[in-house]
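Here are some friendly notes to read with the structure open beside you.

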Amino acid sequence: THVVLESCIRCKYTDCVDVCPVDCFREGQNFLAIDPDECIDCAVCIPECPVNAIVPEEDVPGNMQHMIKLNADLAKKWPSITKRKGALPDADDWKDRTDKLSELIR
Ligand code: F3S
């Protein structure tokens, strides 16, 4: 599967969802998760994300391993998103921030 990392939090640009051939993105208030049961590892979403938030599971850095289970857990409870929409209003203020996990609205 592919995994959405913390960079997405409070940005949610949503460019990724338009290109997904299997509609595997799930939407929370300020983050998207990938459903690992649906993702086919096509990787077309990777270059679409302005903050490079999406990586293949095998490339998730050691200090971000928790994001793998987090995507899986959130994907189970969040609804599908299949069309791009506007980014969050202050996305550009948050795009270069790190350690945003405490900002995640589950
Ligand atoms: Fe998030 Fe990037 Fe998609 S910020 S919503 S993973 S385009």
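How many salt bridges does the count come to? The model is a predicted one, and its count comes to 8 salt bridges. A few of them are worth a look one by one.

1. Let me start with E103 and R10, whose side chains form a salt bridge with N and O 2.8 Å apart. E103 belongs to the segment after α3 (91-94), while R10 sits in the loop between β1 (2-4) and α1 (15-19), so this bridge ties together parts of the chain 93 residues apart in sequence. Both ends are partly exposed: the relative accessible area is 27% for E103 and 24% for R10.

2. The next pair is D15 with R84, a salt bridge at 2.6 Å from N to O. Here D15 comes from helix α1 and R84 from the loop between α2 (66-77) and α3, so parts 69 residues apart in sequence are tied together. The two partners fall into separate accessibility classes, since D15 is buried at 14% relative accessible area, whereas R84 is partly exposed at 48%.

3. R26 and D35 also form a salt bridge, with 3.4 Å between the closest N and O atoms. Buried or exposed, which are R26 and D35? Both R26 and D35 are buried.

4. On to the rings, where the structure holds 1 aromatic pair. The ring centres of F31 and W78 are 6.3 Å apart and the planes meet at 70°; an angle over 60 degrees counts as edge-to-face, so that is the class of this pair. F31 lies in the loop between β2 (25-27) and β3 (32-34), and W78 in the loop between α2 and α3, which makes this a link between distant parts of the chain, 47 residues apart. F31 and W78 are both buried.

5. R97 lies over the face of W94, at 4.1 Å from the ring centre.

6. What surrounds the ligand? The shell has 13 residues, and the closest are C8, T14, C16, L32 and C49. By class, this shell is made up of 10 nonpolar, 1 polar and 2 charged residues.

7. Please also take a look at L70, a residue of helix α2. L70 is buried, with a relative accessibility of 10%. Leaving out residues up to four places away in sequence, L70 touches L101, L104 and R106.

8. My last point concerns I105, in the segment after α3. At 36% relative accessible area, I105 is partly exposed. Beyond its neighbours within four places in sequence, I105 is in contact with Q29, N30 and W78; W78 is the residue already paired with F31. The C-alpha atoms of I105 and I9 are separated by 8.7 Å, although these residues are 96 apart along the chain.

Terms used
Residues numbered from 1 in each chain as written. Predicted model: local features only at pLDDT ≥ 70, side-chain atom pairs only at ≥ 80, totals over all residues. Heavy atoms only, no water. Near = heavy atom within 4 Å. Nonpolar A, V, L, I, M, F, W, Y, C, P; charged D, E, K, R; others polar. Salt bridge = Lys/Arg side-chain N within 4 Å of Asp/Glu carboxyl O. Helix = DSSP H or I, 4+ residues; strand = E, 2+ residues; numbered from the N terminus. Buried < 20%, exposed > 50% of the residue type's maximum accessible area, 1.4 Å probe, protein only. Phe/Tyr/Trp six-rings, centres within 6.5 Å; stacked < 30°, edge-to-face > 60°. Lys NZ or Arg CZ within 6 Å of the ring centre and 35° of its normal. Contact = heavy atoms within 4.5 Å.
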